[in-house]
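Dear colleague,

Please find the structure below, handed over for your study. My notes on it come after.

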Amino acid sequence: MPTPTRAPWIPGGGTALEWGLRNPCPVGVGPAGHRGEGGAVWCLSCGDRYSGRPAQVGDTHGHRDDAHHAARLHADDHEADFRRFVAAQRTREAREQSGWTARVYALVTAATLHPSEGGVWWDGTGYRLVPAGARLDAKGRRVRRKVVELVIAAGFLRQDERGDVVATADGRAMLTIWRHHRADLAEPWPARHEPQALPPLPSGEEAARRREATRQRALELERQAAQSRAEFLRRREEVERQHQAEREAKHQRRADEQAERERAERARTGADIDLTWSAVGAGRWTVTGSGHDRQLDVTLNDRDFAHDPYEIRENGHFISRHPYRHQADAAVRQLLADGVEIGDRTPEPTPASPTRPAVDNPADRWHQAPPPPILEKENTPEHSPRQRPARRPMESTVLRTRLRRPQRSVPGHPGPRRADRDRGEARGRLDAQERRRGVGRGSCRQPTGLPHPPGPQPSSCPSPHRSRPRRRKSSTG
């Protein structure tokens, strides 16, 4: 039970009653008697409205419980007016929102009758309504099946096992609401124009059942949502674990591929081969690799600076030259990794006296000039460099390129005429050079062997005074 609130308008600091409505209760119980064991009923509505002073209702009660009982009775008198007003408002709203018609009212009224007086029943093909006061053997008039199903769905009627249609508690309550307002009922619905559904009674059993069904549906949806959320979290964790495993596998695969590529590259280049440089003489070494029986000779060239100093040979065959020691190491490792030995190994020489004097410095023996190449017949040039005829000045590269240029047609001029003009100009310039060179020498050089353009040919020995050919006069009639 809630603790009563203390009302400041009660003399002596009494407590007001709990009314149950939104506005506060104007009735309260104050202390009375010498020891305060009794009580007096005070009412603010019965007091002075202008000054706001409450009025005492009845006599003073010797016990506090008697005072509370008297206060509740007096509060019910004031509360009745409010409750009647609220009930009237709710009844009016229920009538306006029910959507009932005169036929629905007659249908529910007939369903409340005793079977001997009338009712609504199912004959196998449709519903029939027997009104009150009909004959005992009357079959009744047909009622549209859609209307009966709407009223049953709204919770005002129900159909029992025998096929009879009876009224429910909500139907009887709605009849009570409409009993004194039957004039306000709507007209019957036309055929095939019935509403989709009828609203139930706001405070009835059908409305409570629907609210409970809605609550259960909401709980079921929450349960399904929780299950879906848990399933989603489980699947997300599973997908994340799978994705992480795939990423790790992918990274491991890439790392393995990279390691395999590096291993293959090291195997190709022989980076893992340990070289041993054994000094044979001054500036000469014999290089061997771990796991290989091949020997390569490396010589340091300290005289001929036109080539790189480190020269690599195998079995007397030249392989390559390198400017630095680490480059020579890489080249030797590459040769050993290739596994292809160059040349044939010579057997160990039989110890004997040398036929020619040995060279004191081993580097001089290894830096001797190689023998001249043997020229074969098909590779031998036709003339030696000194026997080749000298190139004449007219056969310059620029002039030959210009004369051998493919002829291009110029818009407005035919191609051959332009090429002939260029060739003639070049021939004229060469002839002028020949004339200048031959002046004062008492001789005349032979002209060039270039082809002449079509037209008059220049003389082999030009003279400073050359006359133009005379034109023939054309005789006109």
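This is a predicted model: local features need pLDDT of at least 70, side-chain atom pairs count only at pLDDT 80 or more; totals for chains, interfaces and linings use all residues.

Residues are numbered from 1 along each chain as its sequence is written, and side-chain values use heavy atoms, with hydrogens and water left out.

Helices (H or I, at least four residues) and strands (E, at least two) are DSSP runs, numbered from the N terminus. Two strands pair if DSSP finds at least two bridges between them. In general, strands of a sheet pair through backbone hydrogen bonds, either parallel or antiparallel.

Strand S2 (residues 27-32) has 5 of its 6 residues buried (under 20% relative accessible area, with a 1.4 Å probe and protein chains only). Strand S1 (residues 15-16) runs antiparallel to S2 and is joined to it by 2 bridges; Thr 15 lies opposite Val 29. S2 is also joined to strand S3 (residues 38-43), again antiparallel, by 6 bridges, and Gly 28 has Trp 42 as its bridge partner in S3.

Elsewhere, 5 strands form an open antiparallel sheet in the order S7-S6-S5-S9-S8. Its edge strands, S7 (141-143) and S8 (157-159), each pair on one side only. Strand S6 (residues 127-130) pairs with S7 over 3 bridges, and Tyr 127 stands opposite Val 143 in S7. Helix H3 (residues 145-153) packs on this sheet, touching S5 (119-122), S6, S7 and S8; contact means heavy atoms within 4.5 Å.

Yours sincerely

Notes
Buried means under 20% relative accessible area, exposed over 50%, partly exposed in between (1.4 Å probe, protein chains only). Axes are lines fitted to C-alpha atoms, for helices over the stretch in contact, and angles run from 0 to 180 degrees between N-to-C directions.
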